[in-house]
Amino acid sequence: MISASHVTYYHLCHRKLWLHHRGMRQEDNSAAVGEGKLIGKQSYAHRASRWRELNLGFLKIDHFDPREKLVREVKKSSKLEHAHVAQVQYYLYVLEKAGIDGVQGILEYPKQRRSRTVRLTDEIRQDIQGWEAEIERIVKQDHCPALVKKAYCQNCAYRDFCFV
């Protein structure tokens, strides 16, 4: 099954996607990832208790309001916003496939005091089907994809693996 991490990494780095799929989880050793998790837990602590964790086995959504049919994703920074949006779109897509219609998402950046609404369209649904096919193709490759140096490599949890 394809997880939200698969979708996020597909949009960021195919090498990272391939490694993650094979069980190489560098995020646990990353201070930046730890800070992001802390922000997610501490932000909006005053909110109503209606937010629930939704665990679908292969996919875990940290904040879901079943009454409003709303997914909330909290991120540390908007630097990789395109991947964050894709992650929330994938959540919405999977929930829709599970029979929950009319689900919407909100992407929040508390440090920047900014949020963004995320919705599904027919075009995005088709895009997601393409993402799934490409993710399957990448993770089935026998060899790790070649290194493609990107601006955000410096802060990546996989940096040492790729550049040492």
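The structure holds two aromatic pairs. Rings of Phe, Tyr and Trp (its six-membered ring) are paired if their centres lie within 6.5 Å; planes under 30 degrees apart count as stacked, over 60 as edge-to-face and the rest as tilted. This is a predicted model, in which local features need pLDDT of at least 70 and side-chain atom pairs count only at pLDDT 80 or more, while totals for chains, interfaces and linings use all residues. Residues are numbered from 1 along each chain as its sequence is written, and side-chain values use heavy atoms, with hydrogens and water left out.

**First stop: Tyr9 and Tyr158.** Tyr9 belongs to helix α1 (residues 4-12), whereas Tyr158 sits in the loop between α5 (122-139) and α6 (159-163), so the pair ties together parts that are 149 residues apart in sequence. Helices here are DSSP runs (H or I, at least four residues), numbered from the N terminus. Are the two residues buried or exposed? Tyr9 is buried at 9% relative accessibility, and Tyr158 is buried at 1%. Buried means under 20% relative accessible area, exposed over 50%, and partly exposed in between (1.4 Å probe, protein chains only).

**Second stop: Tyr90 and Tyr93.** Select these next: the pair is stacked, with 6.4 Å centre to centre and 25° between the planes. Tyr90 and Tyr93 are three residues apart in helix α4, and are therefore separated by about one helical turn. An α-helix has 3.6 residues a turn, so residues three or four places apart point the same way. Both Tyr90 and Tyr93 are buried.

Of the 17 residues of α4, 14 are buried, so the helix is largely enclosed by the rest of the structure. Just after α4, select Gly99, which takes a positive phi of about 100°.

**Last stop: the cysteines.** How many disulfides does the structure hold? There are zero disulfides, a disulfide being a pair of cysteine sulfur atoms within 2.5 Å. For Cys13, the nearest cysteine sulfur is that of Cys162, 6.0 Å away. Cys13 is buried at 16% relative accessibility. For Cys153, the nearest cysteine sulfur is that of Cys13, 6.3 Å away. Cys153 is buried as well, with a relative accessible area of 12%.

Conventions
Helices (H or I, at least four residues) and strands (E, at least two) are DSSP runs, numbered from the N terminus.
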